Amino acid sequence: MSMSADLPAPPDVRGRSLDGGAPYVINANENAALCHSLGTEPAHDGTAHPIYYFIATQLGMGVTVAGLCELCGFDVADGPMIIGSAVRFDAPLYVDRPYRVTGSILHIERKRSRKFGVMDVLEYRLALVDGDRDVLVTTNTWVLPRRELS
Amino acid sequence: MKAGDVIGPVKVDGIPTQTIRAWSGFLADPNPIHLDPAAVAAIGLGNQVISQGPLNLAIVMNLLTSNLGKVQIEQLESRFVGNVFAAEPLIAQGRICAVENDRVTCEATLEAEGRGPVITCTATLRVVP
């Protein structure tokens, strides 16, 4: 991958809020179905499968993935790809508990890559909040292939 | 539990198409590559639907939380480096890098059998008393 000074600048979306509106609730029945789909039983103590870090933040943020792409001047039909995700849990996730989602776009960078041609690398941070404390913080990184610039 | 110990391996015979379909619902992700083999064929990637990255990651999470006693994931950093196709045999495995008090750091991968890693992770787990 390399920086490319000859390319037009990516959209100026750094700092754009991704705060969610209505609280996100992990439905107990859905958590059970998700666990069963993986061949496991849901926990008996009310904790949700930890993959809900991703699901709850993605679905609870203020825009859909399609809307996030649109903010970045990218059509979701052109195939955004998640390439990385990091999470720090400060507490377990529980079913049937309302969580707020806060977040923002951290970074967007336009590059050339041998695999994708011209692409924007988008990084955004989301937090899942219970009352006034963060339950987890996650950072996701996506590639938005800019075939029209390749 | 000590540095160098192997976690797993856990073999997955293949993710069924109905599981991938169910995860499209869990993720509210209507992308046709998870639902319609024709959509996958149209982009030249074969004739099996592609599973969602978070579904693949959940398999690695289960590896970590089911094979080391009672632990909670405290930090996890994952790279999605390849696609997983429906019914494709998979192997999840890991290795403990360090154990310090109640914290275990480890590496883990999900590999498509014969094709190599599709997810690579580093994790810190907390041993729950």
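Visitor: How many of the residues of α3(B) are buried?

Guide: α3(B) is mostly covered, with 12 of its 14 residues buried; buried stands for 20 or more other C-beta atoms within 10 Å of a residue's own, exposed for 12 or fewer and partly exposed for what lies in between, with the C-beta atoms placed from the backbone. Helices (H or I, at least four residues) and strands (E, at least two) are DSSP runs, numbered from the N terminus. The model is predicted, so local features need pLDDT of at least 70 and side-chain atom pairs count only at pLDDT 80 or more, while totals for chains, interfaces and linings use all residues. Residues are numbered from 1 along each chain as its sequence is written, and chains are lettered from A and ligands numbered from 1 in the order in which they are written.

Visitor: Which residues of α3(B) are the buried ones?

Guide: Among them are Gly53(B), Pro54(B), Asn56(B), Val60(B) and Leu64(B).

Visitor: And what about Ser66(B), is that buried, exposed or partly exposed?

Guide: Ser66(B), which also belongs to helix α3 of chain B, is partly exposed because 13 other C-beta atoms lie within 10 Å. Its C-alpha atom is separated by 18 Å from that of Ala98(B), a residue 32 places away along the chain.

Visitor: What span does α3(B) reach, compared with the expected one?

Guide: From its first C-alpha to its last, α3(B) reaches 20 Å with 14 residues, close to the 20 Å expected at 1.5 Å a residue; the expected span is 1.5 Å times one less than the number of residues.

Visitor: Switching to the largest nonpolar core, how many residues has it got?

Guide: The largest nonpolar core has 70 residues, and those with the most contacts inside it are Tyr53(A), Val60(B), Leu64(B) and Ala108(B). Helix α3 of chain B, residues 53-66, gives the most to this core, with eight residues. Such a core is a set of buried Ala, Val, Leu, Ile, Met, Phe, Trp, Tyr and Cys residues joined through C-beta atoms within 7 Å.

Visitor: What does Tyr53(A) touch?

Guide: Leaving out residues up to four places away in sequence, Tyr53(A) touches Val87(A), Phe89(A), Leu93(A), Leu136(A) and Thr138(A), where a contact requires C-beta atoms, placed from the backbone, within 7 Å.

Visitor: Now the contact of the chains: how many residues does each one put in?

Guide: Chain A supplies 21 residues and chain B 22 residues. On the side of chain A that touches chain B, β3(A) gives the most, with eight residues. That side divides into 14 nonpolar, five polar and two charged residues; Ala, Val, Leu, Ile, Met, Phe, Trp, Tyr, Cys and Pro count as nonpolar, Asp, Glu, Lys and Arg as charged, and the others, Gly among them, as polar.

Visitor: In what sense do β3(A) and β2 of chain B pair?

Guide: β3(A) and β2(B), residues 71-80, pair in the antiparallel sense over five bridges, and Val87(A) has Leu76(B) as its bridge partner in β2(B). Two strands are said to pair if DSSP finds at least two bridges between them.

Visitor: Which strand of chain A pairs with β3(A)?

Guide: That is β6(A), residues 133-145, which is antiparallel to β3(A) over eight bridges, with Met81(A) standing opposite Val143(A). β6(A) is also joined to β5(A), residues 117-130, by 12 bridges, again running antiparallel. β5(A) and β6(A) form a hairpin with two residues between them, and Gly131(A) in the turn has a positive phi of about 70°.

Visitor: And why do the buried residues of α1(A) line one face?

Guide: The buried residues Asn31(A), Leu34(A) and Ser37(A) of α1(A) fall within an arc of 125° seen down the helix axis, so they line one face of the helix; the arc is that of the directions from the helix axis to the C-beta atoms. The buried residues of α1(A) pack against α1 of chain B, residues 17-26.

Visitor: Last topic, how many helices and strands does chain B have?

Guide: Chain B has three helices and five strands, running β-α-α-α-β-β-β-β from the N terminus on. Of its 129 residues, 36% are buried, and its C-alpha trace spans about 50 × 30 × 20 Å along its principal axes. β4(B) and β5(B) form a hairpin with three residues between them, where Gly114(B) in the turn has a positive phi of about 85°.

How values were computed:
Contact = placed C-beta atoms within 7 Å.
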